[in-house]
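Colleague: I have the model open beside me and would like to walk through it with you. Could you take my questions as they come?

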Amino acid sequence: MHKYVIKRLLMLIPVIVGVSFLVFFIMSLAPGDTARMILGDDAPIEAVEALREELGLNDPVLVRYAHYMLDLLHGDLGTSYKSNRPVFSEIAARFPATFRLSFWGMLFAVALSIPIGIISATRQYSIADSISMVLALLGVATPNFWLGLMLIIAFSLNLRWFPSGGAEGWKSLVLPVITLGTGCMANITRTTRSSMLEVIRQDYIRTAKAKGVSHSKVINKHALKNALIPVVTVIGLQFGALLGGAVLTEAVFAWPGLGTYLVNSIKAKDTPAVLGCVIIFSICFSIVNLGVDLLYAYIDPRIKSKYK
Amino acid sequence: MSAERTKKRSMAVEIWQRLLRNKMAMLGLVILVALALSAVFADVIADYDTKVVAQNISERLQGPSAAHWFGTDEFGRDIFARIVHGGRVSLVVGLISVSVSLLVGGSLGAFAGFYGGRVDNVIMRVMDVFLAVPSILLAITIVAALGTNLVNVMLAIGVSNTPNFARIVRAAVMGVKDQEFVESARAIGTSNTEIIFREILPNCMAPIIVQSTLSVASAILSTASLSFIGLGVQPPDPEWGAMLSSGRNFLRDAMHLTLFPGLAIVVTILALNLLGDGLRDALDPRLKQ
Amino acid sequence: MAEKQYCIDIKDLAVKFTTMDGVVHAINGVDLKIEKGKTLGLVGETGAGKTTTALSILRLIPNPPGEITSGTIVLEEKNIFEYTEKEMEAIRGKQVSMIFQDPMTSLNPVMTVGDQIAEVIQLHENVDAKGALEKAKEMLEMVGIPGNRAGEYPHQFSGGMKQRVIIAMALVCNPHLLIADEPTTALDVTIQAQVLDLMQKLKEKYGTSMLMITHDLGIVAEVCDEVSIMYAGRIVEHGTLEDIFNRTSHPYTEGLFGSLPNIEKREEELKPIPGLMPDPTNLPAGCPFHPRCVYCQEICKSRVPAQTHLSDTHTVACLAYEEGTGVSLGGKHS
């Protein structure tokens, strides 16, 4: 197992290099003269030219990328054009807020979806099943930013239970977490249900019943672990959606995290900041995927033994 | 040859009949047909220049009424008319961006699956890199770099969906490439490209059709998301996400500004998902119980 | 003659499944008895209702869509339909256990084989986890698998080894009745013999009664004391091994033997039974076998044959053996 973990950690490196290059390359396609933008329209051409040289903007993209990655290794993501502060510290200041939102969002989604999915599957075609499946269908179809706005109307403007924005105290966390988690919850519920339905028809479940295992133990011990294998995959995939969704959720609730910073940086054409944000998001996603793969190997011995 | 054609047709008929029996899928299909018709005849339903973009301050922020079914927005424009025209944008962006993903991702996946080995390795590792960026973030990055206009939005969403198609088509191609009809085509000297596009791909349609339907839904959602944070369709052009974005300033007093465009998104995506699920069940009855 | 003691006595069992395509009458009035310590072979084609009969004994017919509509199953003097679900759980794996057809899919892929065997022991015997695992290891040794492999997962075993694990699991609590549902069908021929041999030995050691479900008459000849031939959810012929093999009476049984190649007379043509099993949602009226029967008469299409006793041990359900039906089997039998 240790070997597998190390192997997977090493596999992370080319992915991070690839991802950062992809994002770097896309951002380098941006039209417009960065140096001109920083100095303003009135600056003399010589000054702009000097700054271009200083920032290395005249180098080919691969060279610039190499510099960027070397700096990244030292925790340097460049300097924000807008605030003139290191992008790294700007991101570090906002990362915890986004982490908190994503963590609780995912926890909310997983904690509710798996039990609901199991109940739906074990009572297929019951009223509880129909209701949860209709809700799950709606959950998948509802854009999270719109759900956020509706929640604000209901629970903030009308009922006044929770604030409509900001990040002060646990109450401010409730609506953003529901907003962010609902889509994932709906997806995971559907996967859990269909996976469970598939598993409880398997021969080994019949074997367990023939051994005299009680119904609840058949479900919770024999079926669940098998059913979770595809669910874990979906949770990993949903994390990507969740991080993307965090950008929109933060925009709705004025949440002081990376997403808000990203959107503001895009509007300000602050390339280093945008680049830094997307790369950090992608690295987080890659690390989560690594965690998911490890969890996968933990649940499914067939995967584990492949890497022995 | 004609026997084969009849067989294919009868299979299509069978799939269609299975789909017809699925009430939820039919509901989705009916909604989609209605949406498509309203998009095609949007100009008949409401004139773009006079009803959709022209401001009419005297009628601003009116609630739903007989004259304005969904009320009016902060510039006095009819929200129903804007939703109908916005639907046209959503459907067009959805269809074109998915076509881009299908064309690029599908071809890459087909080549990777067909040739295997190094070709497969290179293509799929590149796709892995694309997949490592959460797709809406990839779209945001592309639009941020290239600038906000409809073409870039379609391109961005198309690119961000490409790896999914590559993966699905690759898996499907690998499933059929060793079957006998491919062998026999090769035996009579058909070129590889011809084998891929004439023999293999037509036999991998099931997962491609399902993925396309579901991808149109996610593309529409992405379009709305981009517009919501100001990176998509720009005012005064109507788009559901952009309408939500401007409506959020009036949540307290005029919630219909955000309610109806949001419902339009939910209904559209729901319909596509229902149809997609139904197609999956109809195309692969093995999956259903 | 002393009263025979039966391990299980099934009377008039009927099971139906309600599906989207219609109602499947899987079992239509089946009678089966197994004497203590004996082996009954249940023979028939795929879809005849053999597995459904077996699952009925464990009350494991999935419901919905399945439903037991009539009959009694008396297991050691008590009708199992009177038990609560809780009581039934105590019986499964302890009094009655089952070996399934496909060892590849019948073991839980995410549990070690040791844990899967130990689970049965812990459910039915008063031992702690450690003791159960010890006993599981002993049982593995008994079926010819080193006990130290108890910590491995099913995918690390071959098909034959998996079936041994399943046999170990089924026999570890000394069941009174062992149901073996085509236990060797999925295995290589060489492994088949080993597994059958193992089952025979263990069965004799523990004095277990056995219901051997199979479509292989060779296996029947090897392990069974009595045989029931099943067709479309009915028992069409029942008798001792000699009755069935030497005094074959039902045209369907005859057809089963006719479908076997004879090594001594290779020039003789195989006589396969024409046609297929009837659609279980739409069983023919009269004798269910009539559309495929070479001796079929008009009356066979409307009258359901009753069980006719040919001897103390031999019964058959065919109109040719009933008085005044006018059906004859071509003078071959009287």
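Colleague: To begin with chain B, in what order do its elements run from the N terminus on?

Modeller: From the N terminus on, the elements of chain B run α-α-α-α-α-α-α-α-α-α-α-α-α, and the count is 13 helices and 0 strands. Helices (H or I, at least four residues) and strands (E, at least two) are DSSP runs, numbered from the N terminus. Please keep in mind that this is a predicted model, in which local features need pLDDT of at least 70 and side-chain atom pairs count only at pLDDT 80 or more, while totals for chains, interfaces and linings use all residues. Residues are numbered from 1 along each chain as its sequence is written, and chains are lettered from A and ligands numbered from 1 in the order in which they are written.

Colleague: What box do the C-alpha atoms of chain B fill, and what share of its residues count as buried?

Modeller: Taken along the principal axes, the box is roughly 75 × 45 × 35 Å. Of the 289 residues of chain B, 48% count as buried, where buried means that 20 or more other C-beta atoms lie within 10 Å of the residue's own, exposed means 12 or fewer, and partly exposed is in between, with C-beta atoms placed from the backbone.

Colleague: Which pair of chains shares the most contacts?

Modeller: Chains A and B do, of the 2 pairs of chains in contact; two residues are in contact if their C-beta atoms, placed from the backbone, lie within 7 Å. On that criterion 38 residues of chain A are in contact with 35 residues of chain B. On the chain A side, helices H1 (2-28), H6 (127-141), H7 (144-158), H10, H11 (258-267) and H12 (271-299) each supply at least two residues. That side divides into 31 nonpolar, 6 polar and 1 charged residues, with Ala, Val, Leu, Ile, Met, Phe, Trp, Tyr, Cys and Pro counted as nonpolar, Asp, Glu, Lys and Arg as charged, and the others, Gly among them, as polar.

Colleague: And how far apart are the closest C-alpha atoms of chain B and chain C?

Modeller: They lie 11 Å apart, and no contact joins chain B and chain C.

Colleague: Back to chain A, then: at what angle do the axes of H9 and H10 cross?

Modeller: The axes of helix H9 (residues 203-210) and helix H10 (residues 215-253) of chain A come within 10 Å and cross at roughly 140 degrees. That makes H9(A) oblique to H10(A), since angles under 35 degrees count as roughly parallel, over 145 as roughly antiparallel, 65 to 115 as roughly perpendicular and the rest as oblique. Axes here are lines fitted to C-alpha atoms, for helices over the stretch in contact, and angles run from 0 to 180 degrees between N-to-C directions.

Colleague: Which residues meet there?

Modeller: From H9(A) they are A:Tyr204, A:Ile205, A:Ala208 and A:Lys209, which meet A:Val218, A:His222 and A:Ala223 in H10(A). By class, this contact has 5 nonpolar, 1 polar and 1 charged residues.

Colleague: Turning to chain C, in what order do the strands of the open sheet come?

Modeller: The 8 strands come in the order S6-S7-S8-S3-S9-S10-S12-S11, with mixed pairing; two strands pair if DSSP finds at least two bridges between them. The edge strands, S6 (96-99) and S11 (308-309) of chain C, each pair on one side only. Helix H5 (residues 159-171) of chain C packs on the sheet, touching S6 and strand S7 (177-181), and its direction makes about 175 degrees with that of S6(C).

Colleague: What does S8 pair with, and in which sense?

Modeller: S8 (residues 209-214) pairs with S3 (residues 39-43) of chain C in the parallel sense over 5 bridges, and S7(C) and S8(C) also pair in the parallel sense over 5 bridges. C:Gly41 stands opposite C:Met212 in S8(C), C:Leu42 has C:Ile213 as its bridge partner, and C:Leu177 has C:Ser209.

Colleague: Is S9 buried or exposed?

Modeller: Strand S9 (residues 226-231) of chain C has 6 of its 6 residues buried, so it is largely enclosed by the rest of the structure. C:Glu226, C:Ser228 and C:Met230 point one way from S9(C), and C:Val227, C:Ile229 and C:Tyr231 the other way.

Colleague: How many bridges join S9 to S10?

Modeller: There are 6, joining S9(C) to strand S10 (residues 234-240) of chain C, and the two run antiparallel. Their hairpin has 2 residues between the strands, and C:Ala232 takes a positive phi near 50 degrees there.
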